[in-house]
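Hi everyone, thanks for making the time. I'd like to walk you through one chain today, so let me put it up on the screen.

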Amino acid sequence: MFLISSLTLHVLLSRRWAFSCQCLTEIHIAVQQLDEVGREVKLWSHIGSGHYVSVSSGFRRVDFRKWFQLRDQKDPKPTRKGIALNLDQWVRMRKIVEAINNDHPFIAAALPCYMQDGHLTFGCCQCYPFLKLA
Ligand SMILES: [Zn+2]
């Protein structure tokens with residue numbers, strides 16, 4: 001029983017990792033654009049489940065944050081669960097992510113849920129964590 005639970009957890013974490021790694025390049029580009037004069041930067045990217053990353057002009061931060069949705073409200077709201085990395089911290093984190101991927105090829109090769117065979121996009125809580133209220 002523990003083995004199955006551990007394996008299931010490992011697969012879920014690998015997929016979450018892969019989901020997050022898919023947007024590293026777009027975060028990197030957005031961070032570089034922060035230094036371009038007159039460039040408006042507004043990246044808001046889903047990294048799985050209720051987690052999003054954002055990079056915006058005027059804030060020299062990469063913000064990783066969990067969002068939630070109240071039952072009766074259409075728009076999700078940010079929680080206090082998250083971290084806003086300054087750009088030096090972001091560079092260090094990118095290097096750590098690269099080192100993890102280099103040292104653990106099994107994790108680096110994991111595919112996000114939406115790239116798995118038989119993925120049911122609209123039933124997936126990783127891809128669609130929030131209800132769409134009319
Ligand atoms: Zn999915």
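Buried residues account for 12% of the 134 residues in the protein chain. Please keep in mind that this is a predicted model. For the overall extent, the C-alpha trace spans about 55 × 45 × 25 Å along its principal axes. As for contacts, take those between residues at least 6 apart in sequence: 41% of them join residues at least 24 apart.

Now the layout. The protein chain has four helices and four strands, and reading from the N terminus the elements go α-α-β-β-β-β-α-α.

Let's go to the sheet. It is an open sheet of four strands in the order β1-β2-β3-β4, and the pairing is antiparallel. At the edges sit β1 and β4 (77-86), each of them pairing on one side only. On average, neighbouring strands in this sheet are turned by 20° against each other, direction ignored. One reminder for reading the picture: in a regular strand, side chains alternate between the two faces of the sheet.

I'll take the pairs in turn. β1 and β2 are antiparallel, with five bridges between them; within this pair, H46 has Y52 in β2 as its bridge partner. Four residues lie between the strands of this hairpin, and G48 there has a positive phi near 110°. Is S49 buried, exposed or partly exposed? It has 17 C-beta neighbours inside 10 Å, so S49 counts as partly exposed.

Moving on, β2 and β3 pair in the antiparallel sense over four bridges, and H51 has K66 in β3 as its bridge partner. The hairpin of β2 and β3 has four residues between the strands as well, with G58 taking a positive phi near 90°.

Then comes β3 (residues 61-68) with β4: they run antiparallel and are joined by seven bridges.

For β4, the number buried is zero out of 10 residues, so β4 lies largely in the open. There is a helix to look at on this side too: α3 (residues 87-103) lies across β3 and β4, and runs at about 85° to β4.

Last stop, the core. Which residues make up the largest nonpolar core? There are 12 of them: W17, A18, F19, I27, A30, V31, I47, Y52, V53, V55, V62 and A110. At least two residues of this core come from each of α1 (2-21), α2 (24-33) and β2.

Leaving aside residues up to four places away in sequence, V53 touches C23, I27, S45, I47, V62, D63 and F64.

Methods
Residues numbered from 1 in each chain as written. Predicted model: local features only at pLDDT ≥ 70, side-chain atom pairs only at ≥ 80, totals over all residues. Buried ≥ 20, exposed ≤ 12 C-beta atoms within 10 Å, placed from the backbone. Contact = placed C-beta atoms within 7 Å. Pairing = 2+ DSSP bridges. Axes fitted to C-alpha atoms, helices over the stretch in contact; angles between N-to-C directions. Core = buried A, V, L, I, M, F, W, Y, C linked by C-beta atoms within 7 Å.
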